Amino acid sequence: MSIFTPTNQIRLTNVAVVRTRRAGKRFEIACYRNKVMGWRSGAEKDIDEVLQTNTVFVNVSKGQVAKKEDLLKAFGTDDQTEICKTILTKGELQVSDKERHTQLEQMFRDIATIVAEKCVNPETKRPYTVILIERAMKDIHYSVKPNKSTKQQLMSLQALEVIRQLKETMQIERAHMRLRFILPAKEGKKLKEKLKPLIKVIESEDFDEQLEIVCLIDPGCFREIDELIRCETKGKGSLEVLSLKDVEEGDEKFE
């Protein structure tokens, strides 16, 4: 960091700028690029690891420092560290067009990876490669929609949307989960009828002192099935996940 005259100019390089507007004025802070999201997710706790300087600017690139009276009017305090925390949490991270393009390309690949991990060809039970999913996403002209959700939430939601759209153009569905239920005899038969609409395939069924069922389900139904078994059996029934993905064994994937 170098300080020039006039004294309200500070020159910084290789910074990530977070910006906000208050009381009709723009305020910016200079951060380390890879630390901003860590702070917002709670992974980074030390503000000094995030800020290049705890100075509040009106323009980081020009090194113009915010005036004390403007800070008091906009934030009700002139405590620069506290103001930096406010801007860091609520402000908008500025990125260049090139950076934004790179981020969107990476998210596109990450979404394709999630889809490939979650899905199979329903006829063969074989998984698809990430490359094929990427190609299919491009064929349907899918574009990533960035917003203020956390990155993981955003990608998971968009992956589900991609699966929905791809179903219109190719053989694809979410891989089934394999579960085992063990239900008390008294509630077993009645509960089985309630579970039937949520089950894709019953692979085995054994009724002795208890009702034991091994079945395949759509992953989206897991929570409803879990709650149903717990509530109807008052905690006496059990649910076991045998496999998260029902796929054919072997390394073959669809290219």
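In what order do the four strands of the open sheet stand? The order is S11-S12-S10-S13, and the pairing is antiparallel. The views below come from a predicted model.

**View 1. An open sheet of four strands.**
Strands S11 (199–207) and S13 (238–243) stand at the edges. Each has a single partner strand, so one side of each is left without a neighbour in the sheet. Neighbouring strands are turned by 20 degrees against each other on average, direction ignored. Strand S10 (residues 177–184) pairs with S13 over five bridges, in the antiparallel sense. Look for Ile182: this residue stands opposite Ser238 in S13.

**View 2. Helices H8 and H9 lie across strands of the sheet.**
Helix H8 spans residues 185–195 and lies across S10, S11 and strand S12 (210–217). Helix H8 runs at about 145 degrees to S10. Helix H9 spans residues 222–232 and lies across S10, S12 and S13. The angle of H9 to S13 is about 150 degrees.

**View 3. An aromatic pair, Phe27 and Phe75.**
A search of the whole structure finds one such pair. The ring centres of Phe27 and Phe75 are 5.2 Å apart, and the planes stand at 70 degrees. Planes over 60 degrees apart count as edge-to-face, so this pair is edge-to-face. The pair links distant parts of the chain, 48 residues apart. Phe27 sits in strand S4 (residues 25–31), and Phe75 sits in helix H3 (residues 68–75). Both residues are buried.

**View 4. Lys189 over the face of Phe207.**
Here Lys189 lies at 5.5 Å from the ring centre of Phe207.

A search of the whole structure finds 15 salt bridges. Glu82 is partly exposed, with a relative accessible area of 39%. Lys85 is also partly exposed, at 28%.

**View 5. A salt bridge between distant parts of the chain, Lys125 and Glu173.**
The closest N and O atoms of this pair are 3.9 Å apart. Lys125 is in the loop between strand S8 (119–120) and helix H6 (130–139), while Glu173 is in strand S9 (residues 173–174). The two are 48 residues apart. Glu173, at 21%, is partly exposed.

Technical notes: Residues are numbered from 1 along each chain as its sequence is written. This is a predicted model: local features need pLDDT of at least 70, side-chain atom pairs count only at pLDDT 80 or more; totals for chains, interfaces and linings use all residues. Side-chain values use heavy atoms; hydrogens and water are left out. Two strands pair if DSSP finds at least two bridges between them. Axes are lines fitted to C-alpha atoms, for helices over the stretch in contact, and angles run from 0 to 180 degrees between N-to-C directions. Contact means heavy atoms within 4.5 Å. Rings of Phe, Tyr and Trp (its six-membered ring) pair if their centres lie within 6.5 Å; planes under 30 degrees apart count as stacked, over 60 as edge-to-face and the rest as tilted. Buried means under 20% relative accessible area, exposed over 50%, partly exposed in between (1.4 Å probe, protein chains only). A charge sits over a ring if NZ of Lys or CZ of Arg is within 6 Å of the ring centre and within 35 degrees of the ring normal. A salt bridge is a side-chain nitrogen of Lys or Arg within 4 Å of a carboxyl oxygen of Asp or Glu.
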